[in-house]
Amino acid sequence: MSATLRLALLLLAVAVCQGYQSNDIDEEDELVYEPSKYGSLWPLPQKVRVSEVSFKLPSASFKIVDAKESSAGPSCSLLQNAYRRSEPLSLLIREENCLMSTDELTVDQPNAVLKASKVWGALRGEALNKLPIITYTKPQIRPCMCNIIRIFSCFTVYLLKQEAMAMNKFNVFHWHIVDDPSFPYLSRTFPQLSQQGAYHPYTHVYTPADVKMIIEFARLRGIRVIPEFDTPGHTQSWGKGQKDLLTPCYSGTTPSGTFGPVNPILNTTYSFMRQLFSEISSVFPDAYVHLGGDEVDFSCWRSNPDIQNFMEQQGFGQDYSKLESFYIQKLLDIVTTTQKGYMIWQEVFDNGVKLKPDTVVHVWMGNRVEEEMQNVTEAGYTTILSSPWYLDYISYGQDWQKYYKVEPLSFKGTEAQKKLVIGGEACLWGEYVDATNLTPRLWPRASAVAERLWSAKEVTDISDAYSRLSMHRCRLVERGIPAEPLFTSFCPHEYKGV
Ligand SMILES: *[C@@H]1O[C@H](CO)[C@@H](O)[C@H](O)[C@H]1NC(C)=O
Ligand SMILES: *[C@@H]1O[C@H](CO)[C@@H](O)[C@H](O)[C@H]1NC(C)=O
């Protein structure tokens with residue numbers, strides 16, 4: 001979609017979002033900094049027990065080692081890597097095997113023992129900061145996305161971002177890798193897509209090696225990478241390198257020279273998608289791909305006589321959402337043959353497209369959010385909520401409080417329905433973001449979302465959050481992440497060594 005269209009929709013989203021949250025979120029609280037009994041712990045674990053006893057961890061004798069009983073051991077490179085990255089904090093790691101999930105850290109002087117049944121759990125534990133005794137329970141999926149393509153930016157920004165994601169326990173990177181302005185993904189099957197459709201064919205593309213590196217860097221930090229190849233809208237850049245893929249728009253009875261969404265009436269469209277998604281399924285190892293399906297503008301389809309004929313043949317009348325569903329249905333069938341699961345934006349569900357039972361419906365629109373969550377889960381689909389967390393929409397003041405106070409399960413529904421909410425996602429769209437401002441715009445505002453999704457529902461004390469988040473933000477700064485301040489303040493170690 002065009003930047004203007006996106007902007008309009010976002011304004012709408014935020015306006016209504018505030019309605020959705022209006023019970024308690026209209027005004028930010030005035031907060032006074034007081035130390036928290038949990039120190040700088042962020043996000044707060046499901047259970048914390050603070051002990052009266054404290055003891056020193058001398059950095060000289062500090063070591064992270066595999067416990068004898070650990071079945072992971074030195075051959076688990078994920079863990080060995082994590083130990084090396086870890087700050088000097090004394091832990092004895094004990095794990096059941098290299099694939100673990102519920103985690104627990106207990107302190108037994110002079111050792112601390114981290115137990116986890118999956119290695120991913122141990123990675124979260126590894127990121128623990130100075131703290132006494134902790135029990136973690138099962139984490140939710142918390143994707144963190146940003147569509148760098150609108151901005152194009154260098155790898156250091158990506159890598160820094162994933163480092164910060166891990167520090168905040170985000171575990172999915174939703175990579176909105178192509179969109180209207182640019183197609184930077186270098187496809188082996190269709191190299192002309194980025195050759196013609198990227199900002200620059202060599203300097204502004206993601207080569208197969210680049211993509212591999214991003215995925216591996218993320219994996220080492222326990223972060224999954226889910227790519228989004230959004231169609232049939234948001235595809236202007238695709239049309240530059242792939243003839244006949246987009247629908248020619250008409251002005252009266254003649255083609256106007258402009259193009260609309262993917263052309264859903266040509267067989268060639270589907271053979272192209274089959275080949276492209278076959279490649280994507282092997283390049284991206286995650287079990288899911290995001291197929292988009294948002295904001296399809298029907299005006300071009302409406303203007304095209306061939307499309308009109310097709311609509312008539314199919315008996316769609318003037319209902320272009322039926323044509324969109326026709327396309328999506330075929331695309332979903334194609335992706336199913338690649339053995340991947342899929343995520344889709346909510347419009348696909350709203351239009352009544354037949355979805356596989358394991359589809360993840362991504363709720364993003366700002367109007368009637370609770371009703372949408374209710375409908376999606378009533379239909380039995382898992383869902384991820386983004387509506388309240390569009391971090392690209394900035395405002396004056398402590399907007400982290402607004403993100404923090406959202407309760408994602410506040411919609412009407414049974415316990416079974418609530419269980420289908422598998423997580424939430426903080427979105428940062430890139431119209432006004434590039435490498436110069438990505439990091440401070442994201443952190444620590446996204447940290448507020450992280451705690452809402454990681455911690456227990458009852459963790460809502462905003463003053464306590466302010467205290468811990470202020471310290472957490474300083475920790476981010478200290479570790480080289482330029483996170484913006486919550487309010488007038490300073491960090492003890494600010495800019496040390498710069
Ligand atoms: C497109 O494929 C369908 C189904 O395989 C076939 O019936 C139809 O003739 C094809 N159309 C063209 C233009 O090749
Ligand atoms: C939820 O479903 C009801 C019943 O089908 C429908 O009337 C309503 O518009 C839906 N809500 C949203 C937000 O789509």
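Let's start with ligand 2. This is a predicted model, so keep that in mind throughout. Which residues surround ligand 2? They are R368, E371, E372 and N375. By class, that shell has 3 charged residues and 1 polar one. It has no nonpolar residues.

Now the polar contacts. Take E371. An N or O atom in the side chain of E371 sits 2.6 Å from a nitrogen atom of ligand 2. Next, N375. Then E372. A polar side-chain atom of E372 is 3.3 Å from an oxygen atom of ligand 2. How much of the accessible area of ligand 2 does the protein cover? On its own, ligand 2 has 370 Å² of accessible area, and the protein covers 48% of that.

On to a pair of helices. Two packed helices are described by two things: the angle between their axes and the distance between the axes. Our pair is α11, residues 305-314, and α12, residues 320-337. Their axes come within 11 Å. They cross at roughly 85°. An angle from 65 to 115 degrees counts as roughly perpendicular, so α11 and α12 are roughly perpendicular to each other.

Which residues meet there? From α11, we have I307, Q308, F310, M311 and Q314. From α12, we have Y320, L323 and F326. Sort the residues of this contact by class, and you get 6 nonpolar and 2 polar. None of them is charged.

Last topic: backbone geometry in two loops. The peptide bond joining W42 and P43 is cis, with omega about -10°.

Now go to the loop between β9, residues 224-231, and α8, residues 236-241. P232 has its place there. A cis peptide bond joins T231 and P232, and omega is about 0°. H234 is also found in the loop between β9 and α8. What is the phi of H234 near? Phi is near 60°. That is a positive value, in a residue other than glycine.

Conventions. Residues numbered from 1 in each chain as written. Chains lettered and ligands numbered in written order. Predicted model: local features only at pLDDT ≥ 70, side-chain atom pairs only at ≥ 80, totals over all residues. Heavy atoms only, no water. Near = heavy atom within 4 Å. Polar contact = N/O pair within 3.5 Å; in protein donor to acceptor, adjacent residues only side chain to side chain. Areas by Shrake-Rupley, 256 points an atom, 1.4 Å probe, with all protein chains shown as cover. Nonpolar A, V, L, I, M, F, W, Y, C, P; charged D, E, K, R; others polar. Axes fitted to C-alpha atoms, helices over the stretch in contact; angles between N-to-C directions. Helix = DSSP H or I, 4+ residues; strand = E, 2+ residues; numbered from the N terminus. Parallel < 35°, antiparallel > 145°, perpendicular 65-115°, else oblique. Contact = heavy atoms within 4.5 Å.
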